[in-house]
Amino acid sequence: MTEHASRWLAPDERAEVALVLNGENAVLEAEPRRTLADAVRATGLTGTHLGCEHGVCGACTVLLDDEPVRSCLVLAVQAAGRRVDTVERLAAGGTLHPVQEAFLRHRALQCGFCTPGFVVLAEWLARREPDASEERVGEVVSSSLCRCTGYAPILAAVRDALGRR
Amino acid sequence: MSRTPHRAVGDDAPRRLDATLVSGAGCFVADVVRPRLAWARVVRSPLAHARLLAVRRGPALAAPGVVAVIAADDVPDVRIPIRIPFGALPEAEGALQPLLARDVVRYVGEPVAVVVAEDPGAAEDAAELVELELDELEPALDLERAPELVRIAARHGDVDDAFARADVVVRRRLGFQRQTAAPLEARGLVAEPGEDGRLTIWGAAKVKHWNRQTTAALLGLAPEALRLVEVDVGGGFGARGELYPEDVLVPFLALELGRPVKWVEDRAEHLVAANHAREQLHEIELAASADGRLLAFRDRSWCDQGAYVRTQGLLPAMLPGDHLPGPYAWEAFAVESAAVRTNRTPVGTYRAPGMTEATFVRERLVDLLAAELALDPVELRRRNLIAGEAIPFTFDRGPDVPPIVYESGDFAGDFERLLDVAGYDTIRREVADRRARGETVGVGVAAGVELGAIGPFEDAWVHVDPDGTVVVRCGVASLGQGVETVLAQIAADELAVELERVVVRHHDTDEIASGFGSYASRSTVVAGNAVALAARALRERAQADGLPLEAAGEVAARFEKAHPSFSFGAALSIVAVDAETGVVRSERHVVAHDVGRAVNPALLRGQLVGAAAQGIGAALYEELPYDEAGQPLAISLADYLLPTAGELPPIEVVVIEHPTAGNPLGVKGGGEAGMVTAPAAVANAVGDALGGAGAQLERLPLSPPRIRALLRGPTGLSTGSTDSETVEGET
């Protein structure tokens, strides 16, 4: 337990949340009730989208210490001292990540609003479980909502991303 | 310039925005940030129906960071008008929605006040402090007893005579549930007054130009005083982009406060504030001859308008008369639809409005008739679908109602294509084998027509910059469907240039003089043909004058379309039912549609699959129920169940191309087609699986409680279960 997490904050007091955001040290200013999603978006990283703000749709999925979380259900202060990775990290340097290339190849997006959440989730799965079965891919993809595609191209893109790693 | 060997039309060109969107680099309205931004939060009615005696704003005004609190007396006493001319009957006039509730609140979620504060949290906190004094009134919730705004009738032929000659008549009461489009991005707006006194509004979608003109009129401004800008839009499906109270309130506040104001809707708001759709009850009877010839039908329906008539007017009650006849050669029909006003969220359109509900009602009856006649449902349809040689085909509806004209296609032939591709005979055998092994499985089909390509016209402008960039300007809206890619392909094809050289500008009302927008499967047909005409004229002008395209200036063209077009579609669905839990599993879905000509087949398939996926959601999961006090019971995405990858089956597409002579490109609409037949096909598959019990199926969605109730019914299969549970969700 780090020291800064052990003090009570007033509701309107702004905490300085030091963390590693997309591989860089960063400090987010956030009152205790601010969600990680809002705090990350306030830094200009607006690829993390809010589709429901109650943890169902998955558009706001980010990695927290390398595990996917719904950033609308995590408070910014809970990220203190931890690593947060958003969709923006994947194409850092202007080159699309192989998972993103797979999404393009399979036309796995229409409006694109849910896409960052799926891409973050898919990259995590490809790295963590490169041998994931078809059933496991379906299970992971079924955790998030897409209203446009009917999911088949997303499933195909994720399978492809796994196969090519 | 020589024509490139590669034709852009007909090519699976990649979409232009994908690389940006997949990187998270898109700009959606919530991402728009301006200096000195103030945030709006809408205070909404907590009751379905009540007298509004007072709005006490003192405590909210005193809260930290609050800039303003407004209620009805602070805003213009105007009503949001109807956008669609034929939906604007005089009976709707008294039911239009004010910007903020005046004297009475009429649905849970109705805007009553708006709080503006320095940050979104402060606005939301202060909104909780606005006190509403409400005197509760009885809500109207029952469709058959709610006040009727108008009854709309359509007739063809001699119905009484046809029924008198019938050998078989089947009747049912069938209900389609309340739904909403539920795009993954909820609504939002940013409005900013400029130094020149003009106002820029980000967050427009679907119908920018009408919204600009109407917002200006409601605020007493000239249309030129407003600039509407479309940023990336996270799905539309009919609901996003219509003119809602917030679309006028946010610009009003920005002008009043002299600073930019931002409003981003949350999901709980969206589910009560954005348009709902679909809720209808039908009493239908269908007459046929003993040899399976469909003669006539009569239908009475109650179509919920909700608490107000919104921008799409009385469309819900006008559409059954257009869509119930469908693809069969009826001798006669009579349709009477009541628009009823209830104390629920107002009803607008959602992908394939009217046609989806009508197709469910008609196609269920066709299946019930097939059972009555001991005919295969496929065979019954074969005997009645309008054949290619009978098209163009017209249903005359008397002097006061425009006829229904099917201008091109081959309904009977297209239906056979679906059956061939799906392998119907094999499926039938497999279903029989599985039933013999004790499984509760079924196959269902449905046929329907999509109405699309609505006019009246679209304008397009094309010129070529000195660097060779082809600039296409057109007032359509990009909602995720890929219209900018399709229009670029059409321009590239006409000008014989590489696709990469074409840019499509559609985002900004300052750059585009006019536009009707994107709805009713119209963009590829109406805007696409306008772009084709403009590009062709530019090429001809350059050739005639011996000039390069770059020197030929800008050419404008208009494509006019006096009547909408209908195109045929059909679907086949296979389901398995768990007889114990009542869970229906969609195993396979095949959708066929006549698109005339596919400009970008891959994008078109994406539209058909996506729409069919939503239709399966309608059949099995999605519903917006209310309790007896008019409180909405689905106020989160944990209640309003959008299908996930775990529920949806593989969806196959059969793209049929019978080009129409009705426009130069030969294209027909396709954005909604996958939806039209999906709920009907799934419901027929469930009906098939349940056998006799399925005949009593009368309302969607086919949720586990409804399926269990059907199975327990008097004619139902015995499940061996002795439980006495009540049926949740039945009201």
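At what angle do H2(A) and H5(A) pack, and how far apart are their axes?

Guide: A word of caution comes before the answer. This is a predicted model. Now to the two helices.

H2(A) and H5(A) pack at an angle of about 140°. Their axes are 8 Å apart. The limit for roughly antiparallel is over 145 degrees, so H2(A) counts as oblique to H5(A). The crossing has a hand too: H2(A) passes H5(A) in a right-handed crossing.

Which residues make this contact? From H2(A) come A:Pro98, A:Val99, A:Ala102, A:Phe103 and A:Arg105. From H5(A) come A:Ala157, A:Asp160 and A:Ala161. Sorted by class, six of the residues are nonpolar, none is polar and two are charged.

Next, turn to H3(A), which packs with H2(A) as well. Here the angle is about 125°, and the axes are 9 Å apart. H2(A) and H3(A) are therefore oblique to each other. Their crossing is right-handed. On the H2(A) side, the contact uses A:Val99, A:Gln100 and A:Phe103. On the H3(A) side, it uses A:Thr115, A:Val119, A:Ala122, A:Glu123 and A:Ala126. By class, this contact has five nonpolar residues, two polar ones and one charged one.

H3(A), residues 115-128, packs with H5(A), residues 152-163. The angle is about 35°, with the axes 9 Å apart. H3(A) passes H5(A) in a right-handed crossing. H3(A) brings A:Phe118, A:Ala122, A:Leu125 and A:Ala126 to the contact. H5(A) brings A:Ile154, A:Val158, A:Ala161 and A:Leu162. The class count is plain: eight nonpolar, no polar and no charged.

Now step back to the whole of chain A. Its secondary structure comes to five helices and five strands. Along the sequence, the pattern is β-β-α-β-β-β-α-α-α-α. The C-alpha atoms fill a box of roughly 50 × 30 × 30 Å along the principal axes. For 165 residues, a compact globule would have a radius of gyration near 15 Å. Chain A has 16 Å, which agrees.

In the interface, 40 residues of chain A are in contact with 42 residues of chain B. H2 (98-105), H3, H4 (134-141) and H5 of chain A each supply at least two residues of the side that touches chain B. By class, that side of chain A has 23 nonpolar, 13 polar and four charged residues.

With 731 residues, a compact globule would have a radius of gyration near 27 Å. Chain B has 26 Å, which agrees.

Two sheets of chain B deserve a stop. One is an open sheet of four strands, in the order E23-E22-E21-E24, with mixed pairing. E23 (502-505) and E24 (555-560) of chain B stand at its edges, each with a single partner strand, so one side of each is left without a neighbour in the sheet. Neighbouring strands of this sheet are turned by 20° against each other on average, direction ignored. E21(B), residues 457-464, pairs with E24(B) in the antiparallel sense over six bridges. Opposite B:Trp461 stands B:Ala556 in E24(B).

The other is an open sheet of three strands in chain B. The order is E4-E2-E6, and the pairing is antiparallel. E4 (104-105) and E6 (131-136) of chain B are the edge strands, and each pairs on one side only. E2(B), residues 50-56, pairs with E4(B) over two bridges, in the antiparallel sense. B:Ala50 has B:Val105 in E4(B) as its bridge partner.

Definitions and conventions:
Residues are numbered from 1 along each chain as its sequence is written. Chains are lettered from A and ligands numbered from 1 in the order in which they are written. This is a predicted model: local features need pLDDT of at least 70, side-chain atom pairs count only at pLDDT 80 or more; totals for chains, interfaces and linings use all residues. Axes are lines fitted to C-alpha atoms, for helices over the stretch in contact, and angles run from 0 to 180 degrees between N-to-C directions. A crossing is left-handed if the near helix is turned anticlockwise from the far one by less than a right angle, and right-handed if clockwise. Two residues are in contact if their C-beta atoms, placed from the backbone, lie within 7 Å. Ala, Val, Leu, Ile, Met, Phe, Trp, Tyr, Cys and Pro count as nonpolar, Asp, Glu, Lys and Arg as charged, and the others, Gly among them, as polar. Angles under 35 degrees count as roughly parallel, over 145 as roughly antiparallel, 65 to 115 as roughly perpendicular and the rest as oblique. Two strands pair if DSSP finds at least two bridges between them. The radius of gyration is taken over C-alpha atoms; the globule rule is 2.2 Å times the number of residues to the power 0.38.
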